[in-house]
Amino acid sequence: MGELSAIEVRTRLLAWYDANRRDLPWRRTADPYRILVAEYLLQRTRIVSGTPYYERFLARFPSIEELAAASLDDVLAVWEGLGFYGRARNLRAAAQAIVERHGGRVPESFAELAALPGMGPYTAGAVASIAFGVPVPAVDGNVTRVIARLFRIPDDVTRAAAQRRILEIAARLVSPERPGAFNQSMMELGATVCTPSSPSCTRCPLERLCLAHLAGEEDWFPVSRRPRASPLVPVVFGLVAADGRVLLVRRPSGQLLGGLWSLPGGDRARKDERAALADAVRRQAGIEVDIGARWSRVSQTFSHRKWSGSIYRCTPRRMPEPSDSVRWVPREEALRLPLVPFHREAIEALAGLESFERAN
Ligand code: SF4
């Protein structure tokens with residue numbers, strides 16, 4: 001598992017899940033049939049759209065026998081409006097197979113579940129772990145994203161090799177004692193915190209462990225060969241400040257946000273954020289700086305690109321020489337200039353922090 005401890009990931013996720021899980025109808029039951037219906041119904045469907053269908057479906061077909069005996073038209077009539085009607089056909093066929101092969105009891109083993117119509121490895125893993133406590137993983141898109149970020153998986157997750165690796169990691173992470181809760185905690189984290197764009201890392205129980213987050217690269221994972229709507233551009237900026245002053249540089253006209261005053265930095269060609277920032281400050285303001293902790297994350301979407309990276313707190317080793325494109329100004333004066341908007345927020349946050357520190 002490399003640098004990450006499976007036990008720590010598991011413990012943190014389960015504690016977070018116990019405190020934060022959403023109260024959903026299929027989480028209030030231990031009935032394998034109801035859990036099975038939920039897993040079929042929620043494939044490629046948002047929870048908010050799926051919930052009323054789940055309740056309607058179970059009111060109409062309260063048992064596996066009733067579903068197995070129903071006509072396809074009756075099943076489709078309840079499913080109507082939800083889309084992906086193959087799932088309804090498969091669910092009915094699975095109910096028939098369970099009645100014929102398993103005497104009407106949902107089978108417990110992963111292999112028997114996986115042999116039912118329409119049961120991929122994800123659904124079989126979810127039903128086996130949630131309904132029967134079998135310690136197997138359940139890897140859907142949410143779980144793939146969480147693991148790809150947590151372990152900073154560099155491979156294309158649409159390829160079989162990366163999917164195998166993610167499945168192996170998920171299998172090692174899954175809790176032997178509470179596999180169902182663990183699998184749901186991963187899915188819940190992916191759905192509510194580790195979302196596809198702008199994940200809420202400060203609310204995440206894995207914040208201090210996550211390799212992508214520690215590198216400031218959440219937006220870069222999962223890696224996918226599918227082109228993004230707005231290409232990601234890695235950036236880094238420095239909040240260079242001392243004695244109530246802050247360093248600003250003017251963005252060249254013709255560039256994105258051209259003409260606005262900005263913290264030094266910008267697109268980075270070098271992989272290492274700190275080295276790229278030191279280069280940029282030297283080039284743009286002619287000074288060396290000591291680079292401190294990361295001040296904030298950058299995740300800004302423009303019409304044709306997305307900036308992703310970090311702002312670091314820096315201290316100048318000597319004062320910069322002012323020029324047409326370099327200013328070393330008191331913070332209040334900086335805030336009166338036309339600024340890159342999220343740089344204004346960074347400078348205001350610094351002012352807020354310093355006045356808090358003075359007051360305490
Ligand atoms: S720290 Fe951020 S990127 Fe990492 S798992 Fe948590 S939400 Fe996802």
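Tyr-53, Arg-56, Phe-57 and Arg-60 of helix 3 meet Asp-74, Val-75, Val-78 and Trp-79 of helix 5. Contact here is heavy atoms within 4.5 Å. By type, that makes 5 nonpolar, no polar and 3 charged residues. Gly counts as polar, Tyr and Trp as nonpolar, Asp and Arg as charged.

A word on the source. This is a predicted model, where local features need pLDDT of at least 70 and side-chain atom pairs pLDDT 80 or more, while totals for chains, interfaces and linings use all residues. Numbering runs from 1 along each chain as its sequence is written, and side-chain values use heavy atoms, without hydrogens and water.

Now the geometry. Helices are DSSP runs of H or I, at least four residues, numbered from the N terminus. Axes are fitted to C-alpha atoms over the stretch in contact, and angles run from 0 to 180 degrees between N-to-C directions.

Next, helix 2, residues 32-41. Its axis comes within 10 Å of that of helix 3, crossing at roughly 140°. That pair is therefore oblique, the class left after under 35 (roughly parallel), 65 to 115 (roughly perpendicular) and over 145 degrees.

Last, Asn-183 in helix 11, residues 179-192. Buried or exposed? Buried, at 3% relative accessible area; the cut-off is under 20%, with a 1.4 Å probe and protein chains only. Its side chain reaches the backbone oxygen of Val-136 at 2.9 Å.

Key
Helix = DSSP H or I, 4+ residues; strand = E, 2+ residues; numbered from the N terminus. Buried < 20%, exposed > 50% of the residue type's maximum accessible area, 1.4 Å probe, protein only. Polar contact = N/O pair within 3.5 Å; in protein donor to acceptor, adjacent residues only side chain to side chain.
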